[in-house]
Amino acid sequence: MALSLESQGVSVAKTAWREPGVACDLFIHHPPSTIHALAQRIVADQPYDAIVQPVSTRRKKLLISDMDSTMITVECIDELADFVGKKREVAEITDRAMNGELDFEAALTERVALLADLPQSALQECYDERVNMMPGAAALLQAALKQEMYCVLVSGGFTFFTSRVRAELGFHADFSNTLEIQHGMLTGRVIPPILGKEAKLATLQKTCADLNISPDEVIAIGDGANDLPMLLAAGLGVAYHAKPIVRAQANAQLNHCGLDALIYCL
């Protein structure tokens with residue numbers, strides 16, 4: 001990477017291996033905005049990731065993250081739809097919504113309607129059998145908590161799942177949507193208001209205000225279009241194995257590594 005940068009006229013002032021053969025810091029006297037695109041072009045056909053950030057705000061105080069396909073390996077709503085034989089139909093809507101092709105709130109309402117009359121017990125069954133933590137998620141949270149960072153899980157998914165992922169990984173707080181349940185069955189409705197992309201951004205802003213910190217001191221992680229406002233507001237907004245629309249706009253991306261690679265960015 002250093003040689004590739006220097007061949008483009010970028011002077012690398014210092015190289016420091018954080019972990020030999022695994023993670024390396026390159027210190028460069030250029031604004032991050034001028035290096036980001038170049039770094040992404042260099043690694044585009046390589047099996048590793050490069051993240052550019054200012055040294056002055058490298059140490060973060062808040063970690064805020066999406067849940068589905070970010071902290072966990074699945075989209076919970078797609079898995080729930082499998083219980084009623086509609087996984088393919090729902091997954092297609094999910095994919096389009098996460099790529100910014102559909103209005104998130106409308107798409108969520110449409111998908112949840114297909115879950116009407118699903119027994120409440122299916123939620124726990126889904127969590128037990130299908131929800132797995134993303135590789136590196138536990139290590140990242142452990143490192144963040146060791147550095148006394150405040151950690152928030154914010155999701156367009158459902159409180160049943162975010163509350164359990166929060167407890168399992170150690171997040172301080174979780175914010176998400178609540179499925180309406182009556183007589184032990186899902187009604188096919190979400191209790192308003194729906195938490196979408198603007199609510200994710202508002203959660204970041206309010207948490208910063210509560211902690212009396214700057215957005216520059218935030219690392220935000222997500223994979224879908226509804227995460228973009230939150231990612232763009234953070235000092236380090238990471239598109240994690242994300243949709244093309246997210247990778248194109250976020251100021252950092254992980255396309256190969258697990259979440260634990262972000263430990264080196266904190």
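User: How do helix 4 (residues 87-98) and helix 5 pack, and at what angle and distance between their axes?

Analyst: In this predicted model, helix 4 and helix 5 pack at an angle of about 170°, and their axes are 10 Å apart.

User: What makes helix 4 roughly parallel or roughly antiparallel to helix 5?

Analyst: An angle over 145 degrees counts as roughly antiparallel, and the angle here is about 170°, so helix 4 is roughly antiparallel to helix 5.

User: Which residues make the contact, and how do they divide by class?

Analyst: Helix 4 contributes Val90, Ile93, Thr94, Ala97 and Met98, while helix 5 contributes Phe104, Ala107, Glu110 and Arg111. Sorted by class, the residues of this contact comprise 6 nonpolar, 1 polar and 2 charged.

User: Why is the pair of tyrosine 127 and phenylalanine 161 called tilted?

Analyst: The search of the whole structure finds 2 aromatic pairs, and one of them joins tyrosine 127 and phenylalanine 161, with 6.4 Å from centre to centre and 35° between the planes. Ring centres have to lie within 6.5 Å to pair, and planes under 30 degrees apart would be stacked whereas those over 60 would be edge-to-face, so the pair at 6.4 Å and 35° is tilted.

User: Why does this pair tie together separate parts of the sequence?

Analyst: Tyrosine 127 belongs to helix 6 (residues 121-130) and phenylalanine 161 to helix 8 (residues 159-169), so the pair links parts that are 34 residues apart in sequence.

User: How many cavities of 30 Å³ or more are counted, and how much space lies in the largest cavity?

Analyst: The count comes to 1 cavity of 30 Å³ or more, and about 140 Å³ of space lies in the largest cavity. What makes this space a cavity is that a 1.4 Å probe fits there but cannot get out.

User: What lines the largest cavity?

Analyst: Its lining has 15 residues, and Asp68, Glu75, Phe104, Gly156 and Gly157 are the ones nearest the centre of the cavity. Helix 3 (76-82), helix 5 (104-113) and strand 4 (150-158) each supply at least two residues of this lining, with strand 4 giving the largest share, 4 residues. By class, the lining of the largest cavity holds 6 nonpolar, 4 polar and 5 charged residues.

User: How much space lies in the largest pocket, and what lines it?

Analyst: The largest pocket has about 1,100 Å³ of space, and among its 37 lining residues Cys24, Asp25, Leu26, Ala50 and Ile51 lie nearest the centre. Two or more lining residues come from each of helix 1 (2-7), strand 1 (12-19), strand 2 (23-28) and helix 2 (32-43), and strand 2 gives the most, with 6 residues. The lining of the largest pocket is made up of 26 nonpolar, 5 polar and 6 charged residues.

User: How do you know whether the peptide bond from proline 192 to proline 193 is cis or trans?

Analyst: The omega of this bond is near 0°, and the bond is cis. Proline 193 lies in the loop between strand 6 (185-191) and helix 9 (197-211). Most peptide bonds are trans.

User: What is the phi of serine 69, and what is that of histidine 241?

Analyst: Serine 69 has a phi near 60°, which is positive in a residue other than glycine, and this serine 69 sits in the loop between strand 3 (62-65) and helix 3. Histidine 241, also not a glycine, has a positive phi of about 40°, and histidine 241 is in the loop between strand 8 (236-240) and helix 11 (244-249). Most residues other than glycine have a negative phi.

Definitions and conventions. Residues numbered from 1 in each chain as written. Predicted model: local features only at pLDDT ≥ 70, side-chain atom pairs only at ≥ 80, totals over all residues. Heavy atoms only, no water. 1 Å grid on protein atoms, 1.4 Å probe; cavity = no way out; pocket = protein on both sides within 12 Å on 5 of 7 lines; lining within 4 Å. Points joined across faces, edges and corners; volume = space filled by probe spheres on them. Nonpolar A, V, L, I, M, F, W, Y, C, P; charged D, E, K, R; others polar. Axes fitted to C-alpha atoms, helices over the stretch in contact; angles between N-to-C directions. Parallel < 35°, antiparallel > 145°, perpendicular 65-115°, else oblique. Contact = heavy atoms within 4.5 Å. Phe/Tyr/Trp six-rings, centres within 6.5 Å; stacked < 30°, edge-to-face > 60°.
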